[in-house]
Amino acid sequence: MGKFPAGFLWGGAVAANQCEGAWNVDGKGVSVADVARFKPDVDKKDYVAQWHTSPADIEAALKTENEVYYPKRHGIDFYHHYKEDIALFQEMGFKTFRMSIAWTRIFPNGIEEQPNEKGLQFYEDVFKELRKAHIEPLVTLSHYEMPLYFVTHGEGWASREVVDHFVRYAEVCFNRYKDLVKYWLTFNEIDSVFRHPFTTVGIVEENYPSKLKAEEAIYKALHHQLVASALATKLARQINPQFQIGCMVTKTMTYPETCNPKDIYLAQKDNRMNSLYTDVQVRGEYPRWIKKEWSDKGFEIPMAAGDEEILKLHTVDFISFSYYMSMVQSVHADQREKVGGNLATGVKNPYLPTSEWGWQIDPEGLKISLIDLYDRYQKPLWIVENGLGYNDQVNPDGTIDDDYRIEYFQSHFEQIAEAIADGVEVMGYTSWACIDLVSASTSQMSKRYGFIYVDLDDYNQGSGARRKKKSFDWYKQVIATNGEDL
Ligand code: BG6
């Protein structure tokens, strides 16, 4: 056998809110992403400040049609360029393409009885285009783009009604695309509720009297998402038993700084928290420790009759995850150099290089994560995000030599191959992002991830033209040889 199994699903990933643009076209409603402001004056490594959206920010955003300071409103105009982009993915030999459906294209405010036909038609056209190109779609139902209505008219996902609205949305999508899409993910990085609650569950922390109350609301919202995910999974199986449903988490492996048992315990605590979400979505129940923590903190997480059974019965078929970095914990954290970044903050790992945005690059951590997840759950795994954000420069002749990106992927693919050799079942790999798009955390275009360059800058200046980077041909060769030629 080769390094990667036959039928390995190679491809790339994007999210609707970061690439589609056309934020107010064809009946689309306003999502939380449409009010995310570009903050050039805030440190790009300060992920808390970059993500933060206050009530005043929302109010200001709703008063303007501006797209320059709200870059997710314009994205890379995938809405009008999808045919050209899919042709490039086909040229690279993609077997799969991960994308998301913008809930607000289907139900503009989330609460309507009838879906918006123009939105449904758009995704039908995209899926048909993918099928024509022999590319299997992998579709996320909710990727940081919930209807803003739930924030301005309630407590986001902390309001129970959102569960029914989401399930109705999922049902419409499953029915409409039942012959076009087989692989589905319910919520992108469901664990990110604590890192940026506004974007994920529509919780505005300023609306709560204390940090503790906001934390309780986030747990409520999380519970509702977990129930909604299980109910959607149940429906999916009724609508098409061939569907494969996955959960999606951020894999954030934390290492102890030393063999001091105190360091080890701190790292264990972080890793335990990172497993909470998959424990529920794969094993079907909350671990005992979290119930104890809720009770110690005086949290009341309302369990409706039947919730526990729903979680138990409708677990996922596979586990998908994003992987960008690893973390370090230390009892001496206050005396150590820190790193920032989108996903977490912690102690700097002296053995690892760090990207311009403060992300610690750790290819071996990917192997360790794959082994860790497989040993814990024995479910097929799918890496659905991994990649390097870099401010690529175009040479005078129009070429882009992104050798650093090739090196990044090479080192990560070698580690996936080693995990497979160690007996781990890996279904596929979709790079983040296969084409440049607007960054989720910083709303920059200059944080580029693609094999395909998009000629737009942070202020939406440029032609929007697509160009192949050096990594384009390299990835094409990797896919053509099923990972033998790295
Ligand atoms: C993941 C998200 O957390 O990281 C993506 O699912 C995001 O939406 C990716 O784009 C990279 O983060 P950023 O902030 O560099 O775009």
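Predicted model: local features only at pLDDT ≥ 70, side-chain atom pairs only at ≥ 80, totals over all residues.
Residues are numbered from 1 along each chain as its sequence is written.

**Entry 1. A loop proline**

I looked up Pro302 and found it in the loop between α12 (288–297) and α13 (307–313). For burial I count other C-beta atoms, placed from the backbone, within 10 Å of a residue's own: 20 or more is buried, 12 or fewer is exposed, and in between is partly exposed. Pro302 has 10 such atoms and is therefore exposed. I then took the C-alpha separation of Pro302 and Gln415, which is 42 Å for residues 113 apart along the chain.

**Entry 2. The whole chain**

I recorded 16 helices and 14 strands in the chain. The C-alpha atoms fill a box of roughly 60 × 55 × 50 Å along the principal axes. The radius of gyration, taken over C-alpha atoms, is set against a globule rule of 2.2 Å times the number of residues to the power 0.38. For 486 residues a compact globule would come near 23 Å, and the chain's 21 Å agrees with that. Of the 486 residues, 51% count as buried. I call two residues in contact if their C-beta atoms, placed from the backbone, lie within 7 Å. Among contacts between residues at least 6 apart in sequence, 76% join residues at least 24 apart.

**Entry 3. α14 and α15**

At what angle do α14 and α15 pack? I found about 30° between helix α14 (residues 363–377) and helix α15 (residues 403–421), with their axes 8 Å apart. Axes are lines fitted to C-alpha atoms, for helices over the stretch in contact, and angles run from 0 to 180 degrees between N-to-C directions. α14 is thus roughly parallel to α15; angles under 35 degrees count as roughly parallel, over 145 as roughly antiparallel, 65 to 115 as roughly perpendicular and the rest as oblique. The crossing of α14 past α15 is right-handed, meaning that the near helix is turned clockwise from the far one by less than a right angle, anticlockwise being left-handed. On α14 the contact includes Leu366, Leu370 and Ile371, and on α15 it includes His412, Gln415 and Ile416. By class I noted six nonpolar, three polar and three charged residues in this contact. Here Ala, Val, Leu, Ile, Met, Phe, Trp, Tyr, Cys and Pro count as nonpolar, Asp, Glu, Lys and Arg as charged, and the others, Gly among them, as polar.

**Entry 4. α8 and α10**

I next examined helix α8 (residues 161–176) and helix α10 (residues 211–239), which pack at about 30° with axes 9 Å apart. They are therefore roughly parallel to each other. α8 passes α10 in a right-handed crossing. Among the contact residues are Phe166, Val167 and Phe174 of α8, and Val227, Leu231 and Leu235 of α10. The contact of α8 with α10 has 13 nonpolar, two polar and one charged residues.

**Entry 5. Positive phi**

Is Ser443 buried or exposed? I found Ser443 in the loop between β12 (426–432) and β13 (452–454), and it is buried, with 22 other C-beta atoms within 10 Å. Its phi is near 60°, a positive value in a residue other than glycine. Asn482 also is not a glycine and has a positive phi, of about 45°. I placed Asn482 in the segment after α16 (470–480). Asn482 is partly exposed, with 16 other C-beta atoms within 10 Å.

Notes: Helix = DSSP H or I, 4+ residues; strand = E, 2+ residues; numbered from the N terminus.
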